[in-house]
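Here's a quick briefing to read with the structure open beside you. Take a look around first, then come back for the tour.

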Amino acid sequence: MGSMLLCGADILIRPASRWAMVKNGYLGVRGEVIDYIGAIKPQADYATVKDLSGHLLIPGLYNMHTHTPMTLLRGIGSGLPLDRWLREAMFPVEARLAPDDIRTGTRLALLEMLSSGVVSFSDMYYEPEFSAAEINASGMKANLNRPIPAGNRALAYKDNPKAAASLAFYDTFNNAGDGRILVDFAIHAEYTSYEELVRPYALDCLQRGARMHIHLSETVKEHEGCRARYGKTPTRWFLDLGVLDSPVIAAHCVAVEAEDLDILQDHGVTCVHNPSSNMKLGSGFMPLATMLDRGMKLALGTDGAASNNNLNLFEEMHLAALIHKGKSGDPTVVTPAQLLDMATVNGAAAQGRPDSGELAVGKKADIVALDMRKPHLMPRSDTLALLVYSAQSSDVAMTMVNGRVLYESGSFLTIDAERVLDEAAACALRLGLPEDPLSNHGLNG
Ligand SMILES: [Zn+2]
């Protein structure tokens, strides 16, 4: 069992749910867990001692809604609204994705997330079997799922091969990698599903004690379409079909109504805020301030790189802070502490990882070291505000998951980054992705 003592860094802790700091402290890691945090050097011996003077240790970040292989689709369809973006830009390319593309897109996402301080993410994509092997090999944590697409409505649930595949994926991969990989159930959205499929699938989720990952009221159009189809909101539709009987992660929640907020809160649903994606697609704003006021469960996500166009949780924290203050005209809504909760411990809880999400003795050693010797991080009058308003993902100097360093000072220890970058470019060529319009303007002679 390996052990490591991190010395000289400031350590962001959260005793009794309030953020606090150990200045110039010591953090001991033994095996997968943190076994010491303090201002005084511990008595115990550690195999490795790492000097992190000038750094700040924070808990690793949780990207609670993404579609990792979509890194390959980064940038295409920019400027289209959600329905046209999906049908005209995404679906035609996605139909051509081969297993190797999904593997490469996933590896590209892992590089991007590790180098920006993400230790775990909740993914939703077709054929997650290919992603699962890559994620397992990388040492990261993830909650995966195999969403059930609508398919042939005439088919009974028990005969639906996609539903069977979703359950088989759960049975095969849940708790893989010594519990780093967890499997959830997933329904893409109300508008891509139907009752005869959703009701029995929700029951299977409940009977396995699993979690459910859904898209919910991402746009007004989708929300009103559901009202027109069923005479109820998507939230009420999912409730009536038993989906909310399991722990649920609901991405977006932009077009939710007061009645929806009551239902989501009563059922302990974690609403995942994706501010970049919602603004880029012109979808609108989740009512974050109201939700925080009510004490609802909240987390942060990037959505896929195709609608963002990156996987940068620091940017999501920053945007979430700014847009809700600007929109409400009230600078007191949404504090840095609340945003850090959303980006760390709330994500871990929603993923079913009560042993993760905080720097505390006994918790898993999921640690990010930020290099604070940067002009934009000086002086240190308010560290939480610095993290949300000033820090850049490029300030991440080290990312550790379960006591294992996976990224340090620009180097990836479990992924051949150069090879992945070349493969990603090759995939784009093979998929026939549109050429960069700049390349047609004669700029290169
Ligand atoms: Zn999404």
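Two strands count as paired if DSSP finds at least two bridges between them. With that in hand, M212 stands opposite V248 in strand 11. Keep in mind that this is a predicted model.

**The chain as a whole**
- You're looking at 15 helices and 17 strands in the chain.
- For 445 residues, a compact globule would have a radius of gyration near 22 Å, and the chain agrees because its own value is 22 Å.
- The C-alpha trace spans about 65 × 60 × 45 Å along its principal axes.
- Of the chain's 445 residues, 57% count as buried.
- Take the contacts between residues at least 6 apart in sequence: 72% of them join residues at least 24 apart.

- Strand 10 covers residues 212-216, and five of its five residues are buried, so the rest of the structure largely encloses it.
- Side chains in a regular strand alternate between the two faces of the sheet.
- Here, M212, I214 and L216 point one way while H213 and H215 point the other way, and all are buried.
- Strand 9 (residues 181-187) pairs with strand 10 in the parallel sense over three bridges, with I187 opposite I214.
- Strand 11 (residues 248-252) also pairs with strand 10 in the parallel sense, over five bridges.

**Surface and charge**
- The chain has 40 positive and 52 negative charges, and their mean positions are 2 Å apart.

Notes:
Residues are numbered from 1 along each chain as its sequence is written. This is a predicted model: local features need pLDDT of at least 70, side-chain atom pairs count only at pLDDT 80 or more; totals for chains, interfaces and linings use all residues. Side-chain values use heavy atoms; hydrogens and water are left out. Buried means under 20% relative accessible area, exposed over 50%, partly exposed in between (1.4 Å probe, protein chains only). Helices (H or I, at least four residues) and strands (E, at least two) are DSSP runs, numbered from the N terminus. The radius of gyration is taken over C-alpha atoms; the globule rule is 2.2 Å times the number of residues to the power 0.38. Contact means heavy atoms within 4.5 Å. Lys and Arg count as positive and Asp and Glu as negative; His and the chain ends are not counted. The place of a charge is taken as NZ of Lys, CZ of Arg, CG of Asp or CD of Glu.
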